[in-house]
Each structure stands twice: as structure tokens, then as C-alpha cells.
Amino acid sequence: MRRPLIAGNWKMNLTRDEAVNLARGVGAAAGDGEVDVLVCPTFVHLEGVISAVEGSKVAVGGQDVYFESNGAFTGETSTAMLGDLGCQYVILGHSERRNVIGESDKLINQKLHAALAAGLKPILCVGELLEQREANETMAVVKSQLDGSLENVTAEQMANVVIAYEPVWAIGTGKTASPEQAQEVHADLRSLLATRYNQEVSDGVRILYGGSVKPANAADLMACPDIDGALVGGAALKADSFAEIIAAAG
Ligand code: PEP
């Protein structure tokens with residue numbers, strides 16, 4: 001059975017003290033139940049957050065990483081740097097990186113290979129824009145993102161990959177995909193994985209939903225058979241809301 005994962009993407013938010021306090025709160029709330037819990041602070045808060053969750057079951061991840069191992073890449077951070085700090089996961093291909101920063105599937109694929117080679121678990125984000133959903137292009141868009149981002153990734157490597165379906169129109173907007181809308185895409189993603197790899201990969205890969213997940217809608221989303229957890233933005237910035245979402249997945 002797939003173990004649920006609730007991941008908080010803190011984005012470019014919080015002071016160092018706020019990040020450490022939030023991490024302590026999440027550590028205390030995470031318990032030791034059947035749900036994996038992850039927080040992804042900004043790079044500069046990683047070290048403080050990793051110390052703050054020590055002794056709890058909370059894992060820590062980066063919000064991005066670069067694919068080169070070292071050198072003249074101003075502003076970038078390597079997979080070894082994240083691993084050295086104690087990160088276990090890294091978010092890749094978030095819609096803000098795709099649509100604001102302009103990342104391509106090719107770049108995301110390079111980062112994904114580097115992350116896997118370094119022992120980090122990538123959380124690969126895919127999702128359509130509102131106009132693409134309205135033009136009935138959702139599945140074509142996520143298929144093309146999946147194919148491009150997973151190029152040359154083997155079935156064995158997929159054991160360490162998490163996918164997050166995040167419709168862009170639902171991120172930070174308060175508009176959540178209905179459980180039916182989300183489940184439909186998750187089931188289609190699983191079929192794509194079965195075709196691309198095999199049934200074992202399709203059955204084993206965790207597919208998270210992201211887009212305005214909050215305590216009020218988490219239980220209905222988590223009850224869907226192909227939704228294995230959530231990637232949470234806004235509601236991850238408050239320990240009590242995040243704890244309620246964790247409880248909804250358990
Ligand atoms: C996200 O940043 O991945 C996200 C889903 O944000 P929010 O929960 O705020 O929509």
C-alpha cells in the first residue's frame with residue numbers, strides 16, 4: 001500500500017525565527033502515525049529547520065536544486081549541498097518555477113536525474129493552466145510534462161519519485177479542484193505510468209494533490225483512491241492547519 005505523504009511548500013515566506021518555530025510546531029503535531037510528513041523551507045532556513053525537527057518524524061526538503069555538481073553557477077544549490085544538510089526530498093518543476101522562472105521539462109529532467117543520483121527523492125510537479133483546462137488539454141499537458149520530465153528515468157528509479165498534480169488555477173487561489181476533478185487526473189496519471197513503465201510502478205508511485213488544500217477540504221481529497229497525500233502551500237504556514245491536514249490523511 002502507498003504510504004500517504006503530506007508536504008508543506010513554504011515558498012519564499014517566513015523569517016528564520018518563524019520558520020524554526022513553525023518547524024517545531026509541525027514536529028510536535030506530526031506524531032508517529034502512518035503519514036509521512038515533509039516541510040520544504042527556503043534554502044537559507046534549511047539548517048535551522050533541520051535542527052528544529054530533529055527527533056521528530058518530519059523530513060525536510062529543498063524547493064528546487066540545480067543539476068550541476070559544483071562550479072560557476074551563481075545563485076544555484078547542488079544536490080550534494082542539500083544532502084549534506086540532511087534533506088531527503090526536493091520539489092522539482094513547481095508551477096511557479098515553470099511559469100514564473102520559465103523552467104523547461106528538459107531542465108527539470110536534468111535536475112531530476114541529479115537528485116536521484118544523489119539519493120534525494122524528487123517530488124515532480126505537473127499541472128495545467130486554466131486556459132488549458134478550459135480547452136480540454138489537461139491530459140495532453142500533464143502527459144507532455146510527465147514524458148519530458150521523466151525522460152530516461154527507469155522503472156527502478158521510480159520507486160524514489162513522487163508526483164504532485166497541481167492544477168495551476170488552484171494554486172494559491174482558494175479554488176480547489178473538486179475531489180472528482182482531482183481523482184480523474186490522478187487516475188489518468190496512473191494509467192500513463194502503467195503504459196510508460198508497468199503496473200507495479202503505476203501502483204507504487206505516490207501521487208499528491210496540490211492546490212488550495214486546507215483543513216476543510218483535505219479529508220474529501222484524501223479519501224480519493226488515487227490521491228496519496230498533498231503538497232500544501234498557504235495552509236502549511238500554520239502548524240495547526242497543517243496538523244489537521246496530516247490528520248485527514250491518516
Ligand atoms: C503549492 O505551492 O504547491 C500550493 C499548492 O499552494 P497552495 O496550497 O497555497 O495553493
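View 1. Ser212 sits in the loop that links strand E7 (206–210) to helix H10; helices (H or I, at least four residues) and strands (E, at least two) are DSSP runs, numbered from the N terminus. Residues are numbered from 1 along each chain as its sequence is written. Please keep in mind that this is a predicted model: local features need pLDDT of at least 70, side-chain atom pairs count only at pLDDT 80 or more, and totals for chains, interfaces and linings use all residues. The unreviewed UniProt entry gives the annotation "binding site" to Asn9, Trp10, Lys11, Gly172, Ser212, Gly233 and Gly234. These residues are spread over 226 residues of sequence, yet they cluster in space, with a largest C-alpha distance of 14.0 Å. UniProt positions follow the numbering used here, feature names are shortened, and annotations may be inferred rather than shown by experiment.

**View 2. The shell around the ligand.** The ligand is surrounded by 13 residues, and the closest are Ile171, Gly172, Gly210, Gly233 and Gly234 (a residue is near a molecule or strand if its C-beta atom, placed from the backbone, lies within 6 Å of it). Sorted by class, this shell holds five nonpolar, seven polar and one charged residues. Here Ala, Val, Leu, Ile, Met, Phe, Trp, Tyr, Cys and Pro count as nonpolar, Asp, Glu, Lys and Arg as charged, and the others, Gly among them, as polar.

**View 3. The annotated active site.** His94 and Glu166 carry the annotation "active site" in the unreviewed UniProt entry. They span 73 residues in sequence, but no two of their C-alpha atoms are more than 8.3 Å apart, so they gather at one spot. To find His94, look in the loop between strand E4 (89–92) and helix H4 (95–101).

**View 4. Helix H10 against helix H11.** H10 (residues 215–222) packs on H11 (residues 239–249) at an angle of about 20°, and their axes are 8 Å apart. Axes are lines fitted to C-alpha atoms, for helices over the stretch in contact, and angles run from 0 to 180 degrees between N-to-C directions. H10 is therefore roughly parallel to H11 (angles under 35 degrees count as roughly parallel, over 145 as roughly antiparallel, 65 to 115 as roughly perpendicular and the rest as oblique). On the H10 side, Pro215, Ala218, Ala219 and Met222 meet Ser241, Glu244, Ile245, Ala248 and Ala249 of H11 (contact: C-beta atoms, placed from the backbone, within 7 Å). This contact of H10 with H11 has seven nonpolar, one polar and one charged residues.

**View 5. Helix H1 against helix H11.** The axes of H1 (residues 16–29) and H11 come within 9 Å and cross at roughly 30°, so the two helices are roughly parallel to each other. Leu22, Gly25, Val26 and Ala29 in H1 meet Ala239, Phe242, Ala243 and Ile246 in H11. By class, the contact of H1 with H11 comprises seven nonpolar, one polar and no charged residues.

**View 6. Helix H7 against helix H8.** H7 (residues 138–149) and H8 (residues 179–196) have axes that come within 11 Å and cross at roughly 45°; they are therefore oblique to each other. Thr138, Met139, Val142, Lys143 and Leu146 in H7 meet Val185, Asp188, Leu189 and Leu192 in H8. The contact of H7 with H8 divides into six nonpolar, one polar and two charged residues.

Technical notes
Two residues are in contact if their C-beta atoms, placed from the backbone, lie within 7 Å.
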